[in-house]
Amino acid sequence: GHAGSTLADTMIVASVDPETKDVAMLSLPRDLYVPIPKNGKNKINAAHAFGEMQKTGEGPNIAKEVVGEVLDIPVHNYVRVDFTGFKKAVDVLGGVTIDVATPLSDSEYPCEKDERKACGFSVKAGTQLMNGATALKYARCRKGNCGNDFGRAARQQEVLMAMREKALQMSTLTNPAKLAGIIDTIGSHVRTDLSTEELTRLAEILKDVKSETVRSKVIDGEEEKLVQVANIAGASVVIPAGGEGKFGPIQDFAHSLFFDRHLVEENIPVTVVNASTKPLVFAALVERLKGYRYNIVGVEQAQSQTQSELIDGTAGKGKYTRRYLEARYAVAAKEDASRGEGIILVVGDDTVTKTGDR
C-alpha cells in the first residue's frame, strides 16, 4: 500500500543443519548493486520487484537466483512476509521482548497510514515489550541515531531471535496446531515454497537450537568492511569494497559462515596444483576453497595443461570432498593412492576460464 511495495525491504539468508542444529543468518544490504537476469544491473532489492513484473509470484524465485549468484551458494527455499504479516506475527505471540541497548530516534520515520509523510519514531533504552507495530518500526528505522541500513539489519535479526524465544515460551514451535494457527492468522501476508510438512519439520529442528550458538552476521562496510557506498548514474548504491562487481570477498565471507559440515568432518587433505596460465585467478581459486573450509595442505606448480584433473587417494574416506570438487569443477575423479592419501586437484586452463576471477 505504499510506493515501491514490491521491493524487498529486507533480505536475510539463513542456513539450518538438521543434524547438528547449526544455524547461521546473513543480512544483505538492500542497496547492493548486482546483476539481475534480463534487467541489467540494479539494487538487489529490485530483483523481487522485477520478478513480480514478469509474473505475479515470480519475485521470490528471481530473488533466490540473484542472491545465490552474489553469494555463490545454493538458495533452496524462501519465506516472504510483508509488513502486515510481520506485525500480525508479533501480535499473535503477544509481543516480543527486546533489550534496547541505546535510545533510538528517527524523526523521518514514515507515517503508518501515509508513508509520504513523516511521523517519527523513538524508543527508550532498556527492556521493552513491543507489539507488532512498534517491533516493525524498531526493525525498519534507519535515520537519526537509528544508524543506516547496516545497523537496522542487525536489529532485524535481533527481533527474529526474540520472536523465536517467545514462540518457544508459548510452545508454539512444538505444537503443530498453534503453528498452523499463526500461519492462518498471517494468511495472505506470507508466501513460501516450503510445504506444511517442511515447515513443521523446520519448527521441530529450531526448537532445539540454542540462541547463543546462532551465528548472525551483516554484510556491511563498518564491522566486516565488505562493502562501500558509491554513486552510479546518480543513484546511491552499495558496492563491494574492492569495486563494482568484485564479489569474491563477500562470497568467501558467506562460504565461511555457511560452511558444509561434511567437509569439516571429513577434513580430507587437499593439494591444489596450478597447471594453468593464470596465476592470479588460480590464487583466488585457492582462497575460495579455503573459505569453503576445504583442508588445503599444499599449493604446487606444474607445467601448464588444458584439462583439469582430480585425483582421489582416500579409498572412499573423502566421498563428500570428492563429490563437491567434481561438481564445482565439472571433472571426474580418478582413484590413485600412489600420490598420497588425500585429494589432488590439478587446475588447468579449462577451470580458470570457467570460474574467472569471481
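For the class counts below, Ala, Val, Leu, Ile, Met, Phe, Trp, Tyr, Cys and Pro count as nonpolar, Asp, Glu, Lys and Arg as charged, and the others, Gly among them, as polar. Keep in mind that the model is predicted.

**Exercise 1. The second largest pocket**

Work out which elements line the second largest pocket, and sort its lining by class.

Solution. Start with the volume, which is about 200 Å³. The lining has 13 residues, and those closest to the pocket's centre are Ala154, Lys217, Val218, Asp220 and Glu223. Next, look for elements that give two or more residues: these are H5 and S11. H5 has the largest share, six residues. Finally, sort by class, and you get four nonpolar, three polar and six charged residues.

**Exercise 2. The largest cavity**

Find how many cavities of 30 Å³ or more there are, and say which element gives the most to the lining of the largest cavity.

Solution. The count comes to one cavity of 30 Å³ or more. The largest cavity holds about 50 Å³ of space. Now walk along its lining: Asp9, Thr10, Met11, Ser27, Leu28, Arg30, Asp149, Arg152, Ala153 and Gln156. Two elements give two or more residues here, strand S2 (23–28) and helix H5 (149–169). H5 gives the most, with four residues. By class, the lining of the cavity splits into three nonpolar, three polar and four charged residues.

**Exercise 3. H2 against H8**

Decide whether H2 and H8 are roughly parallel or roughly perpendicular to each other, and name the residues that meet.

Solution. The axes come within 8 Å and cross at roughly 95 degrees. The range for roughly perpendicular is 65 to 115 degrees. H2 and H8 are therefore roughly perpendicular. At the contact, Glu69, Val70 and Leu71 in H2 meet Ile250, Gln251, Ala254 and His255 in H8. Sorted by class, that contact has four nonpolar, two polar and one charged residues.

**Exercise 4. H8 against H10**

Solution. Helix H8 (residues 248–257) and helix H10 (residues 279–291) have axes 8 Å apart and pack at about 25 degrees. Angles under 35 degrees count as roughly parallel. That is why H8 and H10 are called roughly parallel to each other. From H8 come Gly248, Gln251, Asp252, His255 and Ser256, and they meet Glu287, Arg288 and Gly291 in H10. The class count for this contact is no nonpolar, five polar and three charged residues.

Methods:
Residues numbered from 1 in each chain as written. Predicted model: local features only at pLDDT ≥ 70, side-chain atom pairs only at ≥ 80, totals over all residues. Heavy atoms only, no water. Axes fitted to C-alpha atoms, helices over the stretch in contact; angles between N-to-C directions. Parallel < 35°, antiparallel > 145°, perpendicular 65-115°, else oblique. Contact = heavy atoms within 4.5 Å. 1 Å grid on protein atoms, 1.4 Å probe; cavity = no way out; pocket = protein on both sides within 12 Å on 5 of 7 lines; lining within 4 Å. Points joined across faces, edges and corners; volume = space filled by probe spheres on them.
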